[in-house]
Structures are given as structure tokens and as C-alpha cells.
Amino acid sequence: MARRNKILIAEARKGLDDLKAKVAGTEYPEDAKFEVAKEIGVPLKKDYNGLLTAKENGKIGGRLGGGMVKELVKMAQEKLMKK
């Protein structure tokens with residue numbers, strides 16, 4: 001079953017998309033998953049990807065999500081250090 005994490009504050013979408021692009025090293029958030037897939041060697045395409053395994057898809061999502069969490073923690077630590 002796919003998990004759908006709902007953003008509670010709609011205005012946060014742009015900030016999260018910008019963070020995703022930053023973590024993936026791309027200019028556009030919609031290219032983030034393709035950049036990560038290329039880095040880890042997963043053959044992700046812009047059209048049909050039904051032949052990818054759950055493990056391959058998880059590697060892409062894990063890399064993006066984990067990188068975003070690490071970046072958010074780093075930002076929070078920097079903010080706390082300034083106080």
C-alpha cells in the first residue's frame with residue numbers, strides 16, 4: 001500500500017520542492033527523482049516504469065527523503081546555534 005503524506009500547510013509545497021531539488025542537485029524538483037535514479041544506477045524513465053522492483057523504487061525515494069530529512073535537521077541545528 002502506498003503511503004500518501006499529506007502536506008498540512010499548502011504554502012509549504014514550494015519550499016519542500018525547492019529542498020528536494022537542492023538535495024538531488026537539480027534546478028527543478030520534477031527532475032530530482034531522475035537525477036537520483038541516474039546516480040544510483042536505477043533505469044528510471046519518464047514514461048512507464050512498471051518493470052522496476054519495489055527495492056529499486058525504494059532506493060530512489062529513500063535517497064530523496066533521507067537527504068531531505070538530513071538537510072532539515074542541519075537547518076534546525078544551525079538555527080538553534082544562532083540563538
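## Overall layout

The chain has three helices and zero strands. Helices (H or I, at least four residues) and strands (E, at least two) are DSSP runs, numbered from the N terminus. Read from the N terminus on, the order of elements is α-α-α. This is a predicted model, in which local features need pLDDT of at least 70, side-chain atom pairs count only at pLDDT 80 or more, and totals for chains, interfaces and linings use all residues. Residues are numbered from 1 along each chain as its sequence is written, and side-chain values use heavy atoms, with hydrogens and water left out.

Along its principal axes, the C-alpha trace spans about 50 × 25 × 20 Å. Of the 83 residues in the chain, 19% are buried, where buried means under 20% relative accessible area, exposed over 50% and partly exposed in between (1.4 Å probe, protein chains only). Contact here means heavy atoms within 4.5 Å. Among contacts between residues at least 6 apart in sequence, 38% join residues at least 24 apart.

## Nonpolar core

Nine residues form the largest nonpolar core: Ala24, Ala32, Val36, Ala37, Val42, Leu44, Leu52, Ile60 and Leu64. Such a core is a set of buried Ala, Val, Leu, Ile, Met, Phe, Trp, Tyr and Cys residues joined through side-chain atoms within 4.5 Å. Two or more residues of this core come from each of helix 2 (32-40) and helix 3 (54-82). Helix 2 is the element that gives the most, with three residues. In soluble globular proteins, nonpolar side chains tend to be buried together.

Leu44 is in contact with Lys33, Phe34, Ala37, Asn49, Leu52 and Ile60, leaving aside neighbours within four places in sequence. Val42 sits in the loop between helix 2 and helix 3 and counts as buried because its relative accessibility is 8%. With neighbours within four places in sequence again left aside, Val42 is in contact with Ala37, Leu52, Glu56 and Ile60. Val42 and Leu52 are ten residues apart along the chain, and their C-alpha atoms are separated by 8.3 Å.

## Helix 2 against helix 3

Two packed helices are described by the angle between their axes and the distance between the axes. For helix 2 and helix 3, the axes come within 9 Å and cross at roughly 115°. Helix 2 is therefore roughly perpendicular to helix 3. Axes are lines fitted to C-alpha atoms, for helices over the stretch in contact, and angles run from 0 to 180 degrees between N-to-C directions. Angles under 35 degrees count as roughly parallel, over 145 as roughly antiparallel, 65 to 115 as roughly perpendicular and the rest as oblique. The crossing of these two helices is right-handed; a crossing is left-handed if the near helix is turned anticlockwise from the far one by less than a right angle, and right-handed if clockwise.

On the helix 2 side the contact is made by Ala32, Lys33, Val36, Ala37, Glu39 and Ile40, and on the helix 3 side by Lys59, Ile60, Arg63 and Leu64. By class, this contact has six nonpolar, no polar and four charged residues. Ala, Val, Leu, Ile, Met, Phe, Trp, Tyr, Cys and Pro count as nonpolar, Asp, Glu, Lys and Arg as charged, and the others, Gly among them, as polar.

## Helix 1 against helix 3

The axes of helix 1 (residues 13-24) and helix 3 come within 9 Å and cross at roughly 105°, which means that helix 1 is roughly perpendicular to helix 3. Leu16, Leu19, Lys20, Lys22, Val23 and Ala24 of helix 1 meet Arg63, Leu64, Gly67, Met68, Glu71 and Leu72 of helix 3. The residues of this contact divide into seven nonpolar, one polar and four charged.

Met68 lies in helix 3 and counts as buried because its relative accessibility is 15%. Not counting residues up to four places away in sequence, Met68 touches Leu16, Leu19, Lys20 and Val23. The C-alpha atoms of Met68 and Leu16 are separated by 8.5 Å, and the two residues are 52 apart along the chain. Gly65 is also in helix 3 and is partly exposed, with a relative accessible area of 28%. Gly65 and Lys20 are 8.1 Å apart in space, C-alpha to C-alpha, and 45 residues apart in sequence.

## Phe34

Phe34 is found in helix 2. Not counting residues up to four places away in sequence, Phe34 touches Leu44, Lys45 and Lys46. Between Phe34 and Lys46, twelve residues apart in sequence, the C-alpha to C-alpha distance is 8.2 Å.
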